[in-house]
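Welcome, and thank you for stopping by. Please take a look at the sequence and the structure below, and then let us walk through them together.

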Amino acid sequence: DWLWFPYIPFGKLTIIQGNPGEGKTYFAMRLAAACTKRKPLPGMETLEPFNIIYQTAEDGLGADVDMNRANEVRPIFRNLGDIAQDTGCTIVLIGHLNKASGTQSTYRGLGSIEITAAVRSLLFIGKLKDSPTTKVLIHEKSSLAPPGQSLAFSLGVEKGFEWIGAYGLTADELLAGTDTAKTESKTAQAQMLILELLADGKRMPSAELEKRRSMSVGFPHAP
């Protein structure tokens, strides 16, 4: 079962990693709205609202735990995994990156590599070097399904959080700052628009849907 296929499974651990101030918490709030307010994420099945627990634990895994030691991290994540498995809930963790630039993306998470090994899904969120208000979510690890496509969203003062669409960027490219204006394709824009127009179970005649699609992303009208 999936909360958001193929990014976030039910009954398993997922971690979202990124540098401070680059959109992790905003995305977590958007995910919370998807669970509680019927505001699905792109491609996400609309679920009946359910309760969530949002907990901030900025001090790490506990006063007596060294998160860089695998033997101390492993039992904590085993217990968290057991809770998710036994209850069927999704546990989504948020973590920062270390300062080891140039290192393979899977080793950039702060703390022991055991953390990355313990989760079933690893998501990176980071800003584009040439467009800081544009953030990209990248599915770096997926143990239960093929990884999902990278997705961009914007965080601006006027419009707040807005999805942009599919974005052709890898985690290593994002972390290295080699994002050279890989804007989403028109097909990706059209897919995102359709998802937004039909969100929350809305219906629309195909002719009207086609008209709005062509007007928004510059496709020619179908004959």
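Predicted model: local features only at pLDDT ≥ 70, side-chain atom pairs only at ≥ 80, totals over all residues.

Strand S7 covers residues 151-156, and five of its six residues are buried, so the strand is largely enclosed by the rest of the structure. Here "buried" means under 20% relative accessible area, "exposed" means over 50%, and "partly exposed" is in between, with a 1.4 Å probe and protein chains only. Residues are numbered from 1 along each chain as its sequence is written, and side-chain values use heavy atoms, with hydrogens and water left out.

What does S7 pair with? On one side of the pairing list is strand S6 (residues 131-142), which runs antiparallel to S7 and is joined to it by four bridges. Two strands count as paired if DSSP finds at least two bridges between them. Leucine 137 has leucine 151 of S7 as its bridge partner, and lysine 135 stands opposite phenylalanine 153, also in S7. S7 also pairs with strand S8 (residues 160-166), again in the antiparallel sense, over six bridges. Glycine 156 is found opposite glycine 160 of S8, and a hairpin of three residues leads from S7 to S8.

The pairing continues with strand S5 (residues 121-128), which meets S6 in the antiparallel sense over eight bridges. In this pair serine 121 stands opposite serine 142 of S6, and the hairpin that joins S5 to S6 has two residues.

Now step back to the whole chain. How many helices and strands are in the protein chain? There are six helices and eight strands, and from the N terminus on their order is β-β-β-α-α-β-α-β-β-β-β-α-α-α. The protein chain has 223 residues, of which 39% are buried. Contacts, meaning heavy atoms within 4.5 Å, also tell part of the story: among those between residues at least 6 apart in sequence, 54% join residues at least 24 apart. The chain exposes about 12,600 Å², with 52% of that supplied by carbon and sulfur atoms; accessible areas come from the Shrake-Rupley method with a 1.4 Å probe, and for residues only the protein chains shown count as cover.

Next, the charged side chains. Side chains of opposite charge can pair when their charged atoms come close. A salt bridge is counted when a side-chain nitrogen of Lys or Arg is within 4 Å of a carboxyl oxygen of Asp or Glu, and by this rule there are three salt bridges. One of them joins glutamate 114 to arginine 74, with the closest N and O atoms 3.1 Å apart. Glutamate 114 lies in helix H3 (residues 113-118) and arginine 74 in helix H2, so this pair ties together parts that are 40 residues apart in sequence. Arginine 74 is partly exposed, at 34% relative accessibility.

Another salt bridge brings together the side chains of arginine 38 and glutamate 48, at 3.1 Å from N to O. Both residues are in the loop between H1 and H2, 10 residues apart. Aspartate 66 is partly exposed at 30% relative accessibility, and arginine 69 is partly exposed at 46%.

A disulfide would be a pair of cysteine sulfur atoms within 2.5 Å, and a search of the whole structure finds zero disulfides. Isoleucine 52 is partly exposed, with a relative accessible area of 38%.
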